[in-house]
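Here are my notes on this one, written as numbered points. Keep the model open and look up each residue as you read.

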Amino acid sequence: MGPVSREALWRYISAGGKPLDGTLAEVFGGQPTINDDDDIDWEEPSPDDDESLVSEDDEMAWVSLDSWDIDESSCNTLITEEMHKAVKEGDYQTVKRLVDGGADIEARSKYDMPTLQIAALYGHWKIVQILIDRGADIAVQGRYEWTALHSAAIQSYPEVVKVIIDRDINLELRDRDGQTALHFAAIGGDCSIIKMLLARGADILAADDDGQTVLHIAAMRGPLEAVHILLDYGADLRAKTRSGSTAYNYAIVNNNSDIAMVLKGYYRSFKT
């Protein structure tokens with residue numbers, strides 16, 4: 001491997017990068033020394049150190065980058081790992097510094113999750129917002145073909161959902177099982193998200209690959225309020241899955257007697 005790119009490593013350092021597996025170390029104010037075994041130790045700076053060594057100027061490349069046997073790809077991997085760590089922890093300032101420094105906002109984790117999806121999954125709406133503002137693709141699909149909206153909906157983060165749908169995302173994007181964000185909102189059980197998506201025009205009649213509508217999921221999982229909301233928006237009581245089950249059947253099988261009673265009452269009024 002060749003030496004690490006000065007530009008890439010500088011982006012990492014200037015964003016406050018910390019050690020990952022001992023390959024890189026935090027160098028703000030620290031000096032590298034090479035032992036006989038070529039390991040890198042880090043010494044605290046003394047008050048007598050040259051000021052240029054601790055400045056925030058690009059000359060901070062005094063860390064002898066040419067002696068670091070890390071290629072560009074490895075450095076970018078470390079930057080991505082550090083950014084995803086900051087995203088998970090909700091460290092907005094670190095994420096902002098990394099993004100502003102040129103980190104790849106579309107970079108995926110080893111689990112094939114784009115940065116935006118990770119931010120949504122952990123419920124950090126401010127980070128979701130800055131990633132979108134910096135050009136992150138709101139429709140990008142990651143592991144299991146989830147979008148960031150799917151992640152926020154199933155985790156019940158209404159603030160994140162609002163940030164995403166305010167950017168006019170296609171609400172009918174489906175995961176690998178054919179489920180939309182509205183299906184995921186029903187799984188999460190957050191009625192505020194269900195209302196939000198329906199108010200923006202989400203298809204209440206959409207069925208997944210097994211023929212399950214959002215009403216099927218609500219009848220199976222609850223809460224009762226979600227069922228009322230869906231019925232008020234025109235959910236189809238007669239819709240059947242591929243196996244021939246209605247939402248009422250789902251409520252009965254899952255011992256949701258209160259939901260079953262409501263569905264039965266709606267069905268009777270519908271017939272008359």
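1. Start with Thr-147. Leaving out residues up to four places away in sequence, Thr-147 touches Gln-117, Ile-138, Ala-139, Val-140, Gln-141 and Leu-173; contact here means heavy atoms within 4.5 Å. You'll find Thr-147 in the loop between helix 5 (125-133) and helix 6 (148-154). Helices (H or I, at least four residues) and strands (E, at least two) are DSSP runs, numbered from the N terminus.

2. Is Thr-147 buried or exposed? Its relative accessibility is 1%, so Thr-147 counts as buried. The cut-offs are under 20% relative accessible area for buried, over 50% for exposed, and partly exposed in between (1.4 Å probe, protein chains only). A polar atom of the Thr-147 side chain also lies 3.3 Å from the backbone nitrogen of Leu-149.

3. A word on what you're looking at. This is a predicted model, where local features need pLDDT of at least 70 and side-chain atom pairs count only at pLDDT 80 or more, while totals for chains, interfaces and linings use all residues. Residues are numbered from 1 along each chain as its sequence is written, and side-chain values use heavy atoms, with hydrogens and water left out.

4. Now the whole protein. It has 13 helices and 2 strands, and 44% of its 272 residues are buried. Of the contacts with a separation of 6 or more, 67% are between residues 24 or more positions apart.

5. In the model, residues 111-143 are 48% helix and 0% strand, with end C-alpha atoms 7 Å apart. For residues 210-242 the figures are 52% helix, 0% strand and 6 Å.

6. Next, the inside. The largest nonpolar core has 64 residues, and Leu-149 and Leu-215 are among those with the most contacts inside it. Such a core is a set of buried Ala, Val, Leu, Ile, Met, Phe, Trp, Tyr and Cys residues joined through side-chain atoms within 4.5 Å. Setting aside neighbours within four places in sequence, the contacts of Leu-215 include Val-227, Leu-230 and Leu-263.

7. Which residues of helix 9 are buried? They are Cys-191, Ile-193, Ile-194, Met-196, Leu-197 and Leu-198. Their cover includes helix 6, helix 7 (158-165), helix 8 (181-188) and helix 11 (224-232). Just after helix 9, Gly-201 has a positive phi of about 100 degrees.

8. Finally, charges. A salt bridge is a side-chain nitrogen of Lys or Arg within 4 Å of a carboxyl oxygen of Asp or Glu, and that rule gives 8 salt bridges. In one of them, Glu-89 pairs with Lys-85, with the closest N and O atoms 3.3 Å apart. These two are 4 residues apart in helix 2 (residues 72-89), so about one helical turn separates them.

9. Compare that with Arg-134 and Asp-100, whose side chains meet at 3.1 Å, N to O. Arg-134 is partly exposed at 39% relative accessibility, and Asp-100 is partly exposed at 43%.

Terms used
Polar contact = N/O pair within 3.5 Å; in protein donor to acceptor, adjacent residues only side chain to side chain.
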